[in-house]
Amino acid sequence: MSVVENKKWDVVALGELLIDFTENGISAQGNPLFEANPGGAPCNVLAMLEKLNRKTAFIGKVGKDAFGEQLKSALVETGIDVTGLCMDEKVHTTLALVHTLPGGDRDFSFYREPGADMMLTEEEVSDKLLADTKIFHFGTLSMTHEGVRRATRKAIALAKQNGALLSFDPNLRPPLWSSMELAREQVLYGLCHCDILKISDNEIQWLTGKEDFDEGVCWIRALCPDISLILLSMGRDGSRAYYKDLMVEVPAFLQENTIETTGAGDTFCGCMLDFVCRQGLKELDEEQLTKALQFANAAASFVTTRKGALRVMPKRAEVEALLKVRIS
């Protein structure tokens, strides 16, 4: 499939925008300190795209409170269009505590019962944005509850109706689901309504029951044959792209000064959507996919050395400089 030209936006995303409270040292009294970082996977993806000079817009909801204002300001500062951002006067902005585990992985605790992001309604979804984008990106945090699920499905239908490519990242967060059976049902819905799938190693194993990634991809393709490009992120083991009969694998760019992995997968996803904006999904070859994965892996490695994600995405020049050193 080719990217529809003559659209105002390169990528429009819908989903959660929240505060990630990330650990940042110990106080003089011996208490853990947390930094209030702007977060949420869809906007992290858009922030990376903005660094690559793409035009992006966000659809979602925050509370009309101090944290909501902080998040709106962060999007404006980053360059993401906020005309699709709603502010709820009755429900507070969603918060997440991010605990870093040994090795840099994370454990999330959410304050979201309810949170503003899950209160987005069908009527608040911007038809105008979805009619004028090349790619629409979504995940499953906007599918955990019935109201926002309907809003997400409306957005999917509108984007498809207007010729956009659909990009899906499950971004599974088990604590937010009433049951993993419901989570699985919604992930399968997303799979069968996308052209581009970005999925992590643990997600594909959970979903398919296959330990072998190639077998997992075959399982997905048998169920949803219309997915053109499957992107698999494997953390320290790098990433893969599955396209037609091709499987391309590229190792990770490991950094000595890695702090945590928050936003690394979103950074990777943003870079690959930039690649699709340039190349489309028709007649991709091994060389193109290899270069795209190398760039995306290198960009993701930068974010692991920085606190937060949305405000600290790397510039193209930084990524290219790293590639020149590592690959030459």
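Modeller: A cavity here is a set of grid points where a 1.4 Å probe fits but cannot get out. Please keep in mind that this is a predicted model.

Biologist: How many cavities of 30 Å³ or more does the structure hold?

Modeller: Rolling a probe the size of a water molecule over the atoms shows where empty space is left. The largest cavity found in this way holds about 50 Å³ of space. With the threshold set at 30 Å³ or more, the number of cavities in the structure is one.

Biologist: Which element supplies the largest share of the lining of the largest cavity?

Modeller: The lining includes Ala 41, Pro 42 and Val 45, together with residues such as His 137, Phe 138 and Asp 266, and it divides into four nonpolar, three polar and three charged residues. The largest share, three residues, comes from H1.

Biologist: Is the ring pair of Phe 136 and Phe 138 stacked or edge-to-face?

Modeller: Three aromatic pairs are counted in the model. The ring centres of Phe 136 and Phe 138 lie 5.7 Å apart with their planes at 15 degrees, and because planes under 30 degrees apart count as stacked, this pair is stacked.

Technical notes: Residues are numbered from 1 along each chain as its sequence is written. This is a predicted model: local features need pLDDT of at least 70, side-chain atom pairs count only at pLDDT 80 or more; totals for chains, interfaces and linings use all residues. Side-chain values use heavy atoms; hydrogens and water are left out. On a 1 Å grid over the protein atoms alone, a cavity is a set of points where a 1.4 Å probe fits but cannot get out, and a pocket is an open set with protein on both sides within 12 Å along at least five of seven lines; lining residues have an atom within 4 Å of a point. Grid points are joined across faces, edges and corners, and a volume is the space filled by probe spheres set on the points. Helices (H or I, at least four residues) and strands (E, at least two) are DSSP runs, numbered from the N terminus. Ala, Val, Leu, Ile, Met, Phe, Trp, Tyr, Cys and Pro count as nonpolar, Asp, Glu, Lys and Arg as charged, and the others, Gly among them, as polar. Rings of Phe, Tyr and Trp (its six-membered ring) pair if their centres lie within 6.5 Å; planes under 30 degrees apart count as stacked, over 60 as edge-to-face and the rest as tilted.
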